[in-house]
Amino acid sequence: IILIVFAAIMYHQTTMLPPALFGDVGAAFVPKIWFTILGICGVSLTVTGFVRDRKRKASGADQVAADHTREGIKEFLIYYRFVFSGFIIFFFYILLMKYIGYLYSTLLFMPILMWVLGPRTGKSVGIIALTSIGVTGIIYFGFVKVLRVFLPSGSLF
């Protein structure tokens with residue numbers, strides 16, 4: 001439901017984007033498509049959740065869910081450890097970007113995230129390093145030099 005509300009609010013915010021200077025397609029066209037898709041996904045998730053909950057109640061297996069026990073919470077955290085790790089790493093990436101800028105924070109963020117989420121072998125170290133430097137460089141060059149879009153430079157440098 002939160003996803004639906006978020007998509008609706010963001011869809012409404014796209015009406016404040018400037019209209020098209022030439023033709024019918026303005027700056028709001030693509031964001032409206034994405035927020036519509038996001039809203040449809042939110043509706044799908046909500047309906048699926050209600051149906052699953054109704055089936056669980058109808059089956060008569062009104063069990064005391066292990067999700068509310070310490071063991072259930074521990075299993076939940078272990079199962080979703082990569083998701084939580086990803087959110088924490090991404091949070092610090094955004095925080096660092098304000099202080100050290102896009103280039104340095106991305107050069108820290110990408111290898112750390114790939115190391116946490118990917119295989120940890122000797123071969124992967126080289127792949128992670130090359131991928132991090134390559135992708136960061138391509139994005140930086142493409143946005144700053146070609147498209148002339150300013151990326152965060154950070155307040156410390």
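**Before you click**

This is a predicted model, in which local features need pLDDT of at least 70 and side-chain atom pairs count only at pLDDT 80 or more, while totals for chains, interfaces and linings use all residues. Numbering starts from 1 along each chain as its sequence is written, and side-chain values use heavy atoms, with hydrogens and water left out.

**Colour by confidence**

Start with pLDDT, the predictor's confidence in each residue, from 0 to 100. The protein averages 86, and 92% of the residues score at least 70. Select residues 70–79 to see helix 3, where confidence is lowest, at a mean of 80. Then select residues 81–117: that is helix 4, where it is highest, at 93.

**Zoom out**

Now show the whole chain. You'll find 5 helices and 0 strands, running α-α-α-α-α from the N terminus on. Helices (H or I, at least four residues) and strands (E, at least two) are DSSP runs, numbered from the N terminus. The radius of gyration is 22 Å, well over the 15 Å that the globule rule gives for 157 residues, so the protein is more spread out than a compact globule. That radius is taken over C-alpha atoms, and the rule is 2.2 Å times the number of residues to the power 0.38. Along its principal axes, the C-alpha trace spans about 65 × 50 × 30 Å.

Buried residues make up 17% of the 157.

How do the two cross?

Show the side chains where they meet (contact means heavy atoms within 4.5 Å). On helix 4, pick out residues including Tyr102, Thr106, Met110 and Trp115; on helix 5, the partners include Val125, Ile128, Thr136 and Tyr140. By class, this contact has 13 nonpolar, 5 polar and no charged residues. Here Ala, Val, Leu, Ile, Met, Phe, Trp, Tyr, Cys and Pro count as nonpolar, Asp, Glu, Lys and Arg as charged, and the others, Gly among them, as polar.

**Single residues**

- Thr106: this helix 4 residue counts as buried, at 4% relative accessibility. Leaving aside neighbours within four places in sequence, Thr106 is in contact with Tyr93, Pro111 and Thr136.
- Leu96: also look in helix 4 for this one, which is partly exposed at 34%. With neighbours within four places in sequence left aside, Leu96 is in contact with Gly101, Ser105 and Leu108. Draw a distance to Leu156, 60 residues apart along the chain, and the C-alpha atoms are separated by 10 Å.
- Leu130: hop to helix 5, where Leu130 is exposed at 67%. The C-alpha atoms of Leu130 and Leu96, 34 residues apart along the chain, are separated by 22 Å.
- Phi of Arg148 is near 60°, a positive value in a residue other than glycine, and Arg148 counts as exposed, at 65%.

Terms used
Buried means under 20% relative accessible area, exposed over 50%, partly exposed in between (1.4 Å probe, protein chains only).
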